[in-house]
Amino acid sequence: MNLMDGNRIINYLVETALLGHGLKSIEDDLIISLWPEDVTLAWVENGEIIIGNISEFIPARKQSKNWERLDGMAVLKNEYKGKNAFLTASGTMAVARKINCPVVVTAGIGGIGDIKSEQLSYDLPALSEMGITLVATSPKDMLDIPGTLNWLHENRVLTYGFNTGVCNGYICVLEPSKLDKEISNNDLDNIPLGCNLILNPIPQERRLNDLTLLEGAISAGKNAENKGEYYHPAANAYFDKSSNGLSSIIQLEALVSNIKIAKKIILS
Ligand SMILES: O=c1[nH]cc([C@@H]2O[C@H](COP(=O)(O)O)[C@@H](O)[C@H]2O)c(=O)[nH]1
């Protein structure tokens with residue numbers, strides 16, 4: 001593992017699948033201008049896990065077409081030898097485990113749905129088994145969000161809502177599902193160590209209000225899957241195009257907002 005950050009203790013790690021494959025119309029400069037200071041990300045380059053900062057990561061976005069996307073199962077099985085790959089939330093959690101980092105940051109997580117390769121995204125077992133606190137926005141809108149939260153609750157993952165008691169969608173506004181506990185800024189310095197999912201929603205007025213876009217994104221994802229390509233980047237590209245880039249901007253803002261929460265977390 002190449003710890004570009006030297007040997008300093010890393011308190012949280014940010015995933016790279018969204019930045020690498022998901023934010024189609026977002027220029028590198030916009031990411032850099034919104035990016036908070038002192039943030040470490042994880043990816044795989046030339047078969048090695050890299051932990052580095054945003055300027056070390058940005059060149060990888062130029063080659064994203066040729067890069068894979070690896071989840072936590074692939075990382076645990078060391079299936080990254082010889083590869084270049086972005087890491088999903090669970091992929092980043094597996095790396096975090098290796099370096100004793102207790103917190104990971106993402107935006108839209110996987111879950112339970114009818115996406116072929118993942119009736120159950122590895123994000124869920126990773127959450128229930130790795131003892132890591134994941135700061136996210138919501139399960140993605142095309143998934144069964146109530147079913148996903150039920151699975152987490154049945155598998156001893158504590159779900160927290162940041163300034164809310166419910167989860168009502170990722171970039172769309174959907175039906176609310178109850179979370180275990182509502183927390184606010186003042187609670188972040190006293191989160192019990194364990195299998196925790198903190199959901200920090202995108203403000204409702206920033207989200208997409210045309211639900212037909214969700215149907216289009218689902219069929220774009222399914223078409224990609226039938227061609228042997230990745231579902232989520234295709235669904236995200238559809239959202240991006242049909243919302244004139246708004247879907248990508250709000251996902252980038254969500255990731256940055258989740259990083260700001262992670263910075264304040266103290267586990268006890
Ligand atoms: O455009 C994208 N957005 C988000 C992701 C990632 O998708 C993962 C969930 O994917 P899956 O359902 O395949 O496990 C999340 O952890 C996130 O990292 C992605 O790959 N591409």
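I started with the second largest cavity, whose lining consists of Thr 137, Ser 138, Gly 161, Thr 164, Val 166, Cys 167, Asn 168, Gly 169, Leu 179, Leu 199, Pro 201 and Arg 207. A cavity here is a set of points on a 1 Å grid over the protein atoms alone where a 1.4 Å probe fits but cannot get out, and lining residues have an atom within 4 Å of a point. This is a predicted model, with pLDDT of at least 70 needed for local features and 80 or more for side-chain atom pairs, while totals for chains, interfaces and linings use all residues. Numbering runs from 1 along each chain as its sequence is written, and side-chain values use heavy atoms, without hydrogens and water.

I noted about 40 Å³ of space in this second largest cavity (the volume filled by probe spheres set on the points, which are joined across faces, edges and corners). I sorted its lining into five nonpolar, six polar and one charged (Ala, Val, Leu, Ile, Met, Phe, Trp, Tyr, Cys and Pro are nonpolar, Asp, Glu, Lys and Arg charged, the others, Gly among them, polar).

Next I counted cavities of 30 Å³ or more and got two. The largest cavity has about 80 Å³ of space. Its lining includes Lys 140, Asp 141, Tyr 170 and His 232.

Last, I checked Leu 30. Why is Leu 30 partly exposed? Leu 30 counts as partly exposed because its relative accessibility is 33% (buried is under 20%, exposed over 50%, partly exposed in between, with a 1.4 Å probe and protein chains only).

Definitions and conventions: On a 1 Å grid over the protein atoms alone, a cavity is a set of points where a 1.4 Å probe fits but cannot get out, and a pocket is an open set with protein on both sides within 12 Å along at least five of seven lines; lining residues have an atom within 4 Å of a point.
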